[in-house]
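Let's take a walk through this structure together, one piece at a time. Have the sequence and the 3D view ready, and follow along as we go.

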Amino acid sequence: MRIFFVQSILLILLVVHAVGKQSRSDRRLTLKIACDDEMTVYVDGARKHSDRRSQTIATLEVPPSTQVVAVKCRNIGGRYGIVGVLTDSHSSKTWVTDSGWKCSNRLENGWEQPGFDMGGWQQAKDLGDDHFMLKDALYEEIASPERRVIWSSGGGRDQVAYCRKGRD
């Protein structure tokens with residue numbers, strides 16, 4: 001009886017451990033991000049998305065081990081900005097575009113890579129919540145009350161913004 005009890009406890013512990021391990025490894029992250037006008041998105045240095053269409057949202061699956069999300073946005077006139085949210089598989093917010101991002105108006109070699117030295121980079125300029133996106137169903141896909149439209153510190157004078165958020 002005692003051996004059966006010990007074996008049952010061990011079996012329960014193994015199942016709990018396996019389920020916990022599975023839920024951690026199955027955790028997916030989804031990045032939804034938009035830029036006015038032309039956007040390229042990098043995840044840990046790898047180009048994952050590029051488009052030239054304003055008012056579109058890129059939806060990307062990214063691994064939980066992601067260290068850096070980097071976005072290049074080119075303004076070709078009028079309104080400008082970058083807005084996005086990274087959520088986990090339980091729809092919990094992980095990252096949003098806000099003043100915690102670092103931005104520059106200059107292209108620097110390796111800027112999209114983990115470990116890049118952001119010594120000369122500035123805190124992202126907060127342009128508010130509704131700087132450029134049309135208020136429609138598409139905009140609501142980037143749902144988080146904390147998300148902000150960001151840009152490099154020069155604002156509208158900067159034609160291109162290189163912005164990144166990382167764990168490094």
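Is cysteine 35 buried or exposed? Cysteine 35 has 1% relative accessibility, so it counts as buried. The cut-offs behind such words are these: buried means under 20% relative accessible area, exposed means over 50%, and partly exposed is in between, with a 1.4 Å probe and protein chains only.

A quick word on what you are looking at. This is a predicted model, in which local features need pLDDT of at least 70 and side-chain atom pairs count only at pLDDT 80 or more, while totals for chains, interfaces and linings use all residues. Residues are numbered from 1 along each chain as its sequence is written, and side-chain values use heavy atoms, with hydrogens and water left out.

Back to that cysteine. Cysteine 35 forms a disulfide with cysteine 73, and their sulfur atoms are 1.8 Å apart. The rule for a disulfide is a pair of cysteine sulfur atoms within 2.5 Å. The pair links distant parts of the chain, with cysteine 35 in strand E1 (residues 29-36) and cysteine 73 in strand E5 (residues 68-74), 38 residues apart. Those labels come from DSSP runs, numbered from the N terminus: helices are H or I runs of at least four residues, and strands are E runs of at least two. Cysteine 73 is at 0% relative accessibility, so it counts as buried too. The link has 80° about the S-S bond, which is right-handed.

How many disulfides are there by this rule? The count comes to 2. The other one joins cysteine 103 and cysteine 163, with sulfur atoms 2.1 Å apart. It also links distant parts of the chain: cysteine 103 is in strand E8 (residues 102-104) and cysteine 163 in strand E12 (residues 160-166), 60 residues apart. Both cysteine 103 and cysteine 163 are buried, and their link is right-handed, with 115° about the S-S bond. Count the bonded cysteines along the chain and you get the pattern 1-2, 3-4.

Now for the strands themselves. Strands of a sheet pair through backbone hydrogen bonds, either parallel or antiparallel. Here, two strands pair if DSSP finds at least two bridges between them. Six strands, in the order E3-E2-E5-E12-E8-E9, form an open sheet with antiparallel pairing. Its edge strands are E3 (46-51) and E9 (122-123), each of which pairs on one side only.

E1 pairs with E4 in the antiparallel sense over 6 bridges, and leucine 31 has leucine 60 in E4 as its bridge partner. E1 also pairs with strand E6 (residues 81-88), again antiparallel, over 8 bridges; there, threonine 30 stands opposite threonine 87. E1 is mostly covered, with 7 of its 8 residues buried.

Charged side chains are our next stop. A salt bridge here is a side-chain nitrogen of Lys or Arg within 4 Å of a carboxyl oxygen of Asp or Glu, and the whole structure has 5 of them. One of them joins arginine 28 to glutamate 61, with the closest N and O atoms 3.5 Å apart. Arginine 28 lies in the loop between helix H1 (2-25) and E1, and glutamate 61 in strand E4 (residues 57-62), so the pair ties together parts that are 33 residues apart in sequence.

Glutamate 38 meets arginine 52 in a salt bridge (3.7 Å, N to O), and forms another with arginine 74, at 3.8 Å. Glu38, Arg52 and Arg74 are therefore linked in a network. Glutamate 38 counts as buried at 17% relative accessibility, whereas arginine 52 is exposed at 68% and arginine 74 is partly exposed at 26%.Last, look at lysine 165 in strand E12. Lysine 165 is buried yet has no salt bridge, and the nearest side chain of opposite charge, aspartate 98, is 4.4 Å away. For charges, Lys and Arg count as positive and Asp and Glu as negative, with His and the chain ends not counted.
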